Amino acid sequence: MTRHGPFAVVGAGIAGLACARALSEAGAAVTVFEREQFPGGRAATLIDGAGPYDHGAQYFTAADPRFAAELARWQSAGIVQRWEGRIVAFDGGVVEDKSDSAERFVAVPGMRRLGIHLAQGIDVRHASAIASLRRAAGGWRLVGDGTGSEGSGPFETVLVALPSPAAATLLAGLTTQAEAAAAVDWDPCWAVTMALAQRSGAGFDGAFVNDDPILGWVALDSSKPRRGQVDGVAERWVLHARPQWSRRFADLPQDEVTHWLIRSFAARLRRNLIPLQASAVHWSHALPVNPLPQLCLWDAAQRLGMAGDWCGGPRIEGAYRSGLALAGLALR
Ligand SMILES: Cc1cc2nc3c(=O)[nH]c(=O)nc-3n(C[C@H](O)[C@H](O)[C@H](O)COP(=O)(O)OP(=O)(O)OC[C@H]3O[C@@H](n4cnc5c(N)ncnc54)[C@H](O)[C@@H]3O)c2cc1C
C-alpha cells in the first residue's frame, strides 16, 4: 500500500492507462479522466458499416524487455496477436520486402481493444475533458471543460498523459516542466478508410510509401488477425497521408481528402478503385517529431507529472514505458 494518494490521471491513452494500472497495482486510489467515450487514445479503431479500421496506430513492436513481457501476457490473454502480413516499402520505383524487418503485433479484434483491456478494473471517467487545474485545500482540483465533466478532487497528485501541447497548456504556470513539454513539435496525419467490394490485387498487406508526394503508409486492415467479415466487403484499407501533405491540407474537406488519397493509391496499383465507403479523419497531433530524451516529467514539489509518447518515444511502446516510469516516480 502506498503512502501517497489519491491520484488523478488525465488522459486514458496507452500512457495514462499504463500509469493508472501501475498506481492501482501498488494499492493507490486512482481516477482517470478521459475526454472521449472510449479509452485507448490514438491506439484507436473506427467502426462503420463496412467493419472496423485501425485508423491511428497500425501495429506495435516490442524492444524493451519489460514491455515484451507485458506483450507476452496480452498474447496469452488473447488481447494481442502477431500480424503476419506481407509488408513492403516503395522507394524510388523499387519495391522492397520488409515483412521480416520487425515482429508486428495488433490488438484483436481492433487496436481499441488494448485500451479497453488496460482500463479494466480502473476507475475511468469517460466524456470528462479536463480544462484546468487549481490548488485547493488538500490538493489539486480538476475543472471540466463545461461539456459535462464536473470539477473533482482534491487529488494529492495529478499526472497528465496528453499530447504535449495540451499537457503544456493544462500545466502552464503550475510547474516549470510545462515549458519542456511546450518545446515538442508534432506531425499531423490525414487517415482515410476505404472499403472495396472487389479484391484490389495489391499483393501486399502493408506498405511504407517513401516515394509519393501524398501517401506515406497504406494497410490492408482486413488482413490483420480476427478482423471479421462484412457481407459484400472484400477488403478494408487504411491510407495515411504524409505529414507535409497533412499539414498543408489540414483544412481540406473530408471528401476531397478521400479523393486525393484514393487516387494516389489507385495510381500506384494501376487500377481503378471504386470504394463502397470511404471517410477521412485528421489527427492534428499524430506523432511527436522531437520527443524528449527523458521517459517522463515529474515535479516532486508540486506533485504534478507528465507522460506520453512525446517522452518515451513516438509509438505505443514508448507511451507505455513513459506511463510506467511516471507511476514509479510518483509512488516514491
Ligand atoms: C496515424 C497514426 C499512426 C500511428 N502508427 C503507429 C504505429 O504503427 N505503431 C506505433 O507503435 N504507434 C503508432 N502511432 C503512435 C501511437 O498511437 C502513440 O504513440 C500512442 O498511442 C500514444 O499514446 P499516449 O497515451 O501517449 O497518447 P494518446 O493516445 O494521444 O492519449 C491521450 C488521451 O487523452 C485524451 N484527452 C485529450 N485531451 C483531454 C482532456 N483535456 N481531458 C481528458 N482527456 C483528454 C485523448 O482522448 C486520449 O485518449 C500512430 C499514431 C497515429 C495518430
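Reply: Start with the shell around the ligand. Its residues divide into 23 nonpolar, nine polar and six charged. Keep in mind that this is a predicted model. In total, 38 residues surround the ligand. The closest are G11, G13, G41, D309 and R315. Some elements supply at least two residues each: α1, β14 (186-196), β18 (277-288) and α9.

Now zoom in on α1. This helix covers residues 14-25, so the count is twelve residues. From its first C-alpha to its last, α1 reaches 16 Å. That is close to the 16 Å expected at 1.5 Å a residue.

Is α1 mostly covered or mostly open? It is mostly covered, with nine of the twelve residues buried. The buried residues are I14, A15, G16, L17, A18, C19, A20, R21 and L23. What do they pack against? Two of the partners are the strands β1 (7-10) and β2 (30-33). A further strand on the list is β13 (157-160). The helices on the list are α3 (112-119), α8 (309-312) and α9 (316-330).

The axes of α1 and α9 come within 7 Å. They cross at roughly 35 degrees. The crossing of α1 past α9 is right-handed. On the α1 side, the contact is made by I14, A15, G16, L17, A18, C19, A22 and L23. On the α9 side, it is made by I316, A319, Y320, S322, G323, L324, L326 and A327. By type, the residues of this contact divide into 13 nonpolar, three polar and no charged. An α-helix has 3.6 residues a turn, so residues three or four places apart point the same way.

What happens just after α1? There G27 takes a positive phi of about 95 degrees.

Stay with α9 for one more residue. L329 is found in this helix. Why does L329 count as partly exposed? It has 16 C-beta neighbours inside 10 Å, whereas a buried residue needs 20 or more and an exposed one has 12 or fewer. L329 touches C296, W298 and G305, leaving aside residues up to four places away in sequence. E179 is 150 residues apart from L329 along the chain, and their C-alpha atoms are separated by 20 Å.

Finally, look at the backbone beyond these helices. Most residues other than glycine have a negative phi, and most peptide bonds are trans. Here are some exceptions. R303 is not a glycine, yet its phi is positive, about 55 degrees. Its place is in the loop between β19 (297-299) and β20 (304-306). R303 is partly exposed because 18 other C-beta atoms lie within 10 Å. R226 also has a positive phi, near 55 degrees. R226 lies in the loop between β16 (215-220) and β17 (235-241). R226 counts as exposed because it has 12 C-beta neighbours inside 10 Å.

Cis peptide bonds come next. One joins V108 and P109, with omega about 5 degrees. P109 sits in the loop between β8 (105-107) and α3. α3 is also one of the packing partners of the buried residues of α1. Another cis bond joins G153 and P154, with omega about 5 degrees. P154 lies in strand β12, residues 152-155.

How values were computed: Residues numbered from 1 in each chain as written. Predicted model: local features only at pLDDT ≥ 70, side-chain atom pairs only at ≥ 80, totals over all residues. Helix = DSSP H or I, 4+ residues; strand = E, 2+ residues; numbered from the N terminus. Expected span 1.5 Å × (residues − 1). Contact = placed C-beta atoms within 7 Å. Axes fitted to C-alpha atoms, helices over the stretch in contact; angles between N-to-C directions. Left-handed = near helix turned anticlockwise from the far one by under 90°. Nonpolar A, V, L, I, M, F, W, Y, C, P; charged D, E, K, R; others polar. Near = placed C-beta within 6 Å.
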